[in-house]
Amino acid sequence: MALSRVCWARAALWGSAVTPGPHVTRKLQLVRCGLAWGAPRSSKLHLSPKADVKSLISYVVAKTKVINGKYHRFLGRHFPRFYVLYTVFMKGLQMLWADAKKARRIKANMWKHNIKFHQLPYREMEHLRQFRRDVTKCLFLGIISIPPFANYLVFLLMYLFPRQLLIQHFWTPRQQIDFLDIYHARRKQSHPEILCHLEKALPLVSDAGLRWHMTELCTKIQHGTHPAIHDILALRECFSNHPLGMKQLHALQMKALSRAMLLTPYLPPFLLRHRLKTHTTVIHQLDKALAKLGISQLTPQEVKSACYLRGLNSTHIAEERCRTWLGEWLQISCSLKEAELSLLLHSVVLLSINYTGTRR
């Protein structure tokens, strides 16, 4: 029996003419295929697990885009007003997230290279300044959302009071114009009071020449004349010490100047003084960085935002006139020292109150 098996195997290997049984033939065919092509593979292993995951993710993303598109068309067709608010809110979230990532990159670069705020380029300084203000405003919403079920009340308040509770990312284009006009109207209400305080300070100016210059400046402004740059710079000494230096301003003056800078006036005098000085110092640092960059490098939106920050209602003024006004502001700001920043603070009123296109 053993000898016969050996003979059959040798015959199969050497191509013997002896015909084996069907069972042996099938085994020999499998052995030959295995020798020629290797071990057989399962059809389920043609795709790697990573390829399967990628295809699944792409399928889910494609389906999500289709469903999202249908949802947007449904809202736009049946709820047009809500759709506008929804679109603005979603775009606002995206812009706020992009601002947060950019601010994080700027801060990381500052820590890595040991750079101070005033050493940053203009656009990075302005981005950090604006982002801090936006986060402060959003922080208030976050605090009042902490109690249980308070988030529903927050959504209602955001809908009813968008100007007070939301940042500009979540305003509609029409709201951006209207709300900026409202803020500037409130800012403009403080201008007569600030000019009145300047007139009251006239008898306290010891130098006769400076007193004459200030009288002339107040008279020109009251008659609707836009003052020249040299008229303002001639009063530097009055605003560096007594009676109009930053440390000599009394509470009512600081409250009026805070309203002109769109800052809250409802703080103790020492906090008002500190905040006005800090805010004016930041603007002075921005001005130096902007002078290095050049006004011509700014986009139209950047020019209008820079003018509005410095007291000019630029929403209704042509871009070229905004650039001209910003150039006048930089000439004054870059000529001042840190001890003379009170003059820059008052220039928010002196330089903008009678500029062409601002009086209506």
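Quick word on what you're looking at. This is a predicted model, where local features need pLDDT of at least 70 and side-chain atom pairs count only at pLDDT 80 or more, while totals for chains, interfaces and linings use all residues. Residues are numbered from 1 along each chain as its sequence is written, and side-chain values use heavy atoms, with hydrogens and water left out.

Now the overall fold. The chain has 17 helices and zero strands; both are DSSP runs numbered from the N terminus, helices being H or I with at least four residues and strands E with at least two. Of its 360 residues, 36% count as buried. Buried means under 20% relative accessible area, exposed means over 50%, and partly exposed is in between (1.4 Å probe, protein chains only). Take the contacts with a separation of 6 or more: 64% of them come from residues 24 or more positions apart. A contact means heavy atoms within 4.5 Å.

On to the charged pairs. Side chains of opposite charge can pair when their charged atoms come close. The cut-off is a side-chain nitrogen of Lys or Arg within 4 Å of a carboxyl oxygen of Asp or Glu.

Let me show you one of them: Glu 193 with Arg 259, at 2.8 Å from N to O. Glu 193 sits in helix 9 (residues 191-200) and Arg 259 in helix 13 (residues 251-260), so this pair ties together parts that are 66 residues apart in sequence. Glu 193 is partly exposed at 28% relative accessibility, and Arg 259 is partly exposed too, at 31%.

Next, Lys 220 and Asp 231, whose closest N and O atoms are 3.0 Å apart. Is Asp 231 buried or exposed? At 14% relative accessibility, Asp 231 counts as buried, whereas Lys 220 is partly exposed at 31%.

Last pair: Arg 310 and Asp 287, with N to O at 2.8 Å. Arg 310 is in the loop between helix 15 (300-309) and helix 16 (319-333), while Asp 287 is in helix 14 (residues 269-293), 23 residues apart. Both Arg 310 and Asp 287 are buried.
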